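Have the structure open as you read.

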Amino acid sequence: MRTSRRHFLRNSALTATGAGLISLPSLEAIASQRKTVSPNDKLQVGLIGCNGMGWSDLRSHLLMSDVECVALADVDQSVLDKRAADVQTMQKNKPQLFKDYRKLLENKDIDAVIIGTPDHWHCMAMIDSVSAGKHVYVEKPLANSIEECNLMLAAAKKYNKIVQVGQWQRSGSHYEKAIEYIRSGKLGNIRLVKVWAYQGWMNPVPVRPDSAPPAGVDYDMWLGPAPKRPFNPNRFHFNFRWFWDYAGGLMTDWGVHEIDIALYAMNAKAPKSVMASGGKLAYPDDASETPDTLQAVYEYDGFNMLWEHATGIDGGNYGRTEGIAFIGNNATLVLNRDGWSLLPETQTKNGIKVYKVDDIPDQARNGDYLNEHTKNFVSAIKANDASLLKCGIETGSIAAINAHMGNIAYKTGRKVYWDAAAKGFKNDTQANALLAAHYHNGWKLPVV
C-alpha cells in the first residue's frame with residue numbers, strides 16, 4: 001500500500017502543481033473581495049515591469065484591501081494599457097502610467113514598488129527605488145551578477161528600507177515543517193543535497209530573424225544597460241531568460257528557489273568550491289544561449305550540493321519535476337512544491353529489516369504561498385521591521401550569488417574555489433572577471 005500510495009502521489013504531482021504555477025482569483029473575484037479602507041490606512045504601490053511575475057505579484061498584493069496600485073511603468077505601451085484596465089477592474093481607481101520607471105519614482109505618495117522587470121534591470125530599479133524612499137518587492141533572482149547583488153545589499157542597508165525578494169517558497173508552511181524535521185537531526189548525517197528543475201514544457205526556441213520593435217515599445221529603454229543589439233522577438237517577453245545579456249537561464253530562474261531552501265535548511269551560505277558541466281544538449285540548434293542541460297556540484301563544509309536542470313524532460317529525481325532531496329544516513333527527505341516525503345533507510349535487527357527512523361505520512365502543500373509572501377511584505381512595512389521578512393535581501397542574495405557561481409563554473413569549464421572573506425575566487429582572474437556587471441549604452445552601474 002505504501003508503494004502504491006507514493007506512486008499515485010508522485011504521478012499526480014507531475015500533472016498538478018509540480019510545475020509551480022501560480023493560481024490567483026480572477027480580476028472580478030479580487031474586486032469583489034476588496035473592502036472599503038480609509039485612504040490614510042492604504043499602502044500605495046507602483047509596479048515596474050507589468051508582465052509575468054510582476055503582474056502576478058501585483059494581483060496578489062491587491063487581494064489585500066489596504067493596498068492600492070497608484071502607478072504602473074512598462075516600456076511596452078500595449079502592456080501598460082491592458083494592465084491599467086485590469087487594475088481598474090480590481091480597484092476602480094485608474095493608476096498613472098509611465099514608460100520610464102524613474103518618472104514613477106518621483107511620485108511622493110508611493111510607499112512601495114514591485115519590480116518585475118527582466119533580471120538585468122533589477123539592480124538599477126531597486127537602488128533607484130530605495131534611494132527614492134520606497135520599500136521594494138523585487139522578483140528573483142535578485143540580480144544578473146554577483147557585483148549587483150552586493151550593491152543591492154549595500155543600498156538596502158544605506159537607505160534602511162524593507163526589501164522582500166520574490167522567492168515565495170520561503171513563505172510555505174510545508175517548507176517550514178520540512179526544514180524543522182531536517183534540522184532535528186533525525187535524518188542522520190546529511191552528506192548530499194540534490195536540487196533540480198526538470199522542465200518538460202520547455203520546447204526549443206525557434207530561430208527568428210531580427211525585426212523592428214513592436215509599435216509602442218521603447219526598445220532602447222528595455223535594453224537599458226544590456227549590450228546594444230537589434231530587436232529580436234526571441235529576446236523579448238519571457239524568453240529573455242535564456243540569453244546571457246539579461247539573465248542566467250534555468251540556473252538562476254529556478255535555481256534560486258531550490259538552492260535557497262537547501263542552504264537555509266543546512267545553515268550554509270557560501271561554498272568552498274563549485275564545478276559544472278552541461279550545455280545545449282537537448283536543443284543544440286535553437287535560438288537560446290544558456291545551457292538546457294546542466295549539472296553543478298557545490299562543496300560546503302560537511303556536505304555537497306548537486307544542482308541539475310534539463311529542458312524537455314519531466315522525469316526528474318524521485319519522480320518529481322522539481323525539488324530538493326536531503327540525503328542522510330538514516331533517511332532521505334524529498335521536498336518540492338507539492339509537499340514532502342520521508343524515505344527511511346533500513347537496517348537488520350534480529351534478522352528482520354526495520355526502518356532506521358519512524359516513517360511518517362506524506363506531507364502536502366497547504367495554501368497559496370505567493371499570497372502569504374506578499375502579506376508578509378506588507379506586514380513588515382507596517383511594522384517597519386525588516387526582521388519579519390521571510391525572504392529579505394540578504395536571503396535573496398545568498399541564493400542568487402550561489403546560482404551565479406554555478407554559471408561561472410560552467411563558463412570557465414573548471415572547478416572554481418571561493419574565498420568568502422575576499423568575496424572572490426582564489427587565484428582565478430577569469431572567474432573573478434565574471435563577477436562583474438557590465439553596463440552599456442551610457443548607463444552607469446549605481447554607486448552606493
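Which residues in α6 meet which residues in α7?

## Two helices side by side

His122, Cys123, Met126, Ile127, Val130 and Ser131 in α6 meet Glu148, Leu151, Met152, Ala155, Ala156 and Tyr159 in α7, where contact means heavy atoms within 4.5 Å. The residues of this contact divide into 9 nonpolar, 2 polar and 1 charged.

Two packed helices are described by the angle and the distance between their axes. The axes of α6 (residues 122-131) and α7 (residues 146-159) come within 9 Å and cross at roughly 10°. That makes α6 roughly parallel to α7 (angles under 35 degrees count as roughly parallel).

## About the model

This is a predicted model, in which local features need pLDDT of at least 70 and side-chain atom pairs count only at pLDDT 80 or more, while totals for chains, interfaces and linings use all residues. Residues are numbered from 1 along each chain as its sequence is written, and side-chain values use heavy atoms, leaving out hydrogens and water.

## Salt bridges

The structure holds 19 salt bridges (a side-chain nitrogen of Lys or Arg within 4 Å of a carboxyl oxygen of Asp or Glu). One of them joins Lys82 and Asp86, at 3.6 Å from N to O. These two residues are 4 residues apart in helix α4 (residues 77-91), so about one helical turn separates them. Asp86 is buried at 11% relative accessible area, whereas Lys82 is partly exposed at 48% (buried means under 20%, exposed over 50%, partly exposed in between, with a 1.4 Å probe and protein chains only).

Lys140 and Asp253 also form a salt bridge, at 3.1 Å from N to O. Lys140 lies in the loop between β5 (135-138) and α7, and Asp253 in helix α10 (residues 249-253), so the pair ties together parts 113 residues apart in sequence. Both Lys140 and Asp253 are buried.

How values were computed: Axes are lines fitted to C-alpha atoms, for helices over the stretch in contact, and angles run from 0 to 180 degrees between N-to-C directions. Angles under 35 degrees count as roughly parallel, over 145 as roughly antiparallel, 65 to 115 as roughly perpendicular and the rest as oblique. Ala, Val, Leu, Ile, Met, Phe, Trp, Tyr, Cys and Pro count as nonpolar, Asp, Glu, Lys and Arg as charged, and the others, Gly among them, as polar.
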